[in-house]
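Student: I have a model open and I'd like to learn how to read its features one by one. Can you walk me through it?

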Amino acid sequence: MGSYLYLQCGDSMSTNTKVHEVRWNPLLRQWIIVAGHRGHRPWRPEEKGFSCPFCPGAPETRNLGEWDVIVLPNKFPALTMNAPQPTHGVAGLFRARRAIGVCEVVVETPSHEGDLCDLTLDHAKKVIDVFTEEYLKLGSLKPVKYVAEFRNKGKEIGVSLTHPHSQIYALPFIPPRIRCELKSFRNYMRRRGRCLLCDIINLEYREKVRLIYENKHFIILLPYFAMWPYEVHVYPKRHVQALPDLSDEERFHLADALRVVTAMYNALFDRDLPYMMVIHQKPTDGKDYSYYHMHVEFYQPYRDRDKLKYAAGIEWGYWTFTYDGVPEQKARELREACYRALKKLNQYLGQVVAIG
Ligand code: ZN
Ligand code: ZN
Ligand code: FE
């Protein structure tokens, strides 16, 4: 509470680690979450001799009984439902709003090591079910406009805890990347009367060269317009907007697809590959998004076995991407990695797409 007085006194904001708000960037027209307290979150506690907070028996999980998948509040939330009202930035160019929302952690397994591909198919399906339930639960909160569900893996990506987990940010705004996609889908639907992604899927099937794996309900591919090395997308074949639209059988097949992508990534260079997995679903502000088609995107940090790809001047500074290599060639490498991965997976529901 002292922090507001601090601000009202006109003191320097930069020294106040309790600043917690969203600030509007008028140049890029997007919200930035400012969370002073997150600067102090611990980095890899188990490397410093502390126990893992997500392992069974840790104080965080002690009273939960037997569990396969659990949802915990993020201990260093970027957003909270009781976020303070900023005392500045109510009007004018420097605008601030409450950092209202929810940040959760989905601990995917009691076991400390591993990846989605190390879970059984049934277990991975439970993770999808939890994503589905949380999307509905958090999305129904009044101030929540978007439920961002994602998974970071590996030191290189900045993951501070190794225990297999995903994250959920229930946001008070629609994130810019989703706004951009929504606009494209809406315009395409208006002009052609069809879904943009359904048409892309049809084209990819016709050209075939970038397809990697498919099961009954999902397709894994490296998109024609990939902007990042070994970028992989997972598309539901049916036109659906969010996880709750999927049937139980479809969620089972999504679990299969996500296991296959992660196993394929590990097979690519024959070692544990870090990655980001992001689920793109419709916003939860109650408006009509029937033109949208949900999907999952994967990004990993290497452009070659030992070479990291950086988002540097041209990428970060101009949002202009150069693809080091040819997407169709990279898709072939991934298809070969997928064959190797399937040999090791004890259970899977589809097959590598055979290219003529
Ligand atoms: Zn652990
Ligand atoms: Zn569609
Ligand atoms: Fe997307």
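Student: Let's start with Cys-195: is Cys-195 buried or exposed?

Tutor: Keep in mind that this is a predicted model. For burial you look at the relative accessible area, and under 20% counts as buried. Cys-195 comes out at 6%, so Cys-195 is buried.

Student: Which residues coordinate the zinc ion (ligand 2)?

Tutor: For a metal site, you list the donor atoms and their distances. Here the zinc ion (ligand 2) is held by the SG atoms of Cys-195 and Cys-198 and the ND1 atoms of His-239 and His-293, at 2.0 to 2.3 Å. Along the sequence these donor residues follow the spacing C-x2-C-x40-H-x53-H. Cys-195 and His-239 link distant parts of the chain, 44 residues apart. Cys-195 sits in the loop between α3 (176-192) and α4 (196-207), while His-239 is in the loop between β10 (232-236) and α5 (248-268).

Student: Why is the arrangement around the zinc ion (ligand 2) called tetrahedral?

Tutor: You check the angles among the donors: four donors count as tetrahedral if all angles lie between 85 and 135 degrees. For the zinc ion (ligand 2) the four donor atoms subtend angles of 100 to 114 degrees, so the arrangement is tetrahedral.

Student: What are the protein donors of the zinc ion (ligand 1)?

Tutor: They are Cys-52 (SG), Cys-55 (SG), His-112 (ND1) and His-163 (ND1), lying 2.0 to 2.3 Å from the zinc ion (ligand 1). The site is tetrahedral, with angles of 106 to 119 degrees among its four donor atoms. The sequence spacing of the donor residues reads C-x2-C-x56-H-x50-H. As for burial, Cys-52 and Cys-55 are both buried.

Student: Now helices. How do I read a packed pair?

Tutor: Two packed helices are described by the angle between their axes and by the distance between those axes. Take helix α2 (residues 121-139) and α5: they pack at about 115 degrees, with axes 8 Å apart. That makes α2 and α5 roughly perpendicular to each other. The crossing of α2 past α5 is right-handed. On the α2 side the contact includes Leu-121, Ala-124 and Ile-128, and on the α5 side it includes Phe-252, Leu-254 and Leu-258.

Student: At what angle do α3 and α4 pack?

Tutor: About 85 degrees, with axes 8 Å apart, so α3 and α4 are roughly perpendicular as well. Where they touch, Ser-184, Phe-185 and Tyr-188 of α3 meet Leu-196, Leu-197 and Asp-199 of α4.

Student: And how do α5 and helix α7 (residues 327-344) cross?

Tutor: They cross at roughly 105 degrees, their axes coming within 8 Å. By the angle, α5 and α7 are therefore roughly perpendicular. Among the residues that meet are Val-260, Met-264 and Tyr-265 in α5, and Leu-334, Cys-338 and Leu-342 in α7.

Student: Last one: where is Trp-24 found, and what does it contact?

Tutor: Trp-24 is in strand β1 (residues 20-25), and at 15% relative accessibility it counts as buried. Beyond its neighbours within four places in sequence, Trp-24 contacts Arg-29, Gln-30, Trp-31 and Arg-95. For contrast, look at Leu-27 in the loop between β1 and β2 (30-35): with a relative accessible area of 79%, Leu-27 is exposed.

Note on methods. Residues numbered from 1 in each chain as written. Chains lettered and ligands numbered in written order. Predicted model: local features only at pLDDT ≥ 70, side-chain atom pairs only at ≥ 80, totals over all residues. Heavy atoms only, no water. Donors = N, O, S within 2.8 Å, 3.2 Å for Na, K, Ca; no water. Tetrahedral: all angles 85-135°; square planar, octahedral: opposite > 155°, others 65-115°. Helix = DSSP H or I, 4+ residues; strand = E, 2+ residues; numbered from the N terminus. Buried < 20%, exposed > 50% of the residue type's maximum accessible area, 1.4 Å probe, protein only. Axes fitted to C-alpha atoms, helices over the stretch in contact; angles between N-to-C directions. Parallel < 35°, antiparallel > 145°, perpendicular 65-115°, else oblique. Left-handed = near helix turned anticlockwise from the far one by under 90°. Contact = heavy atoms within 4.5 Å.
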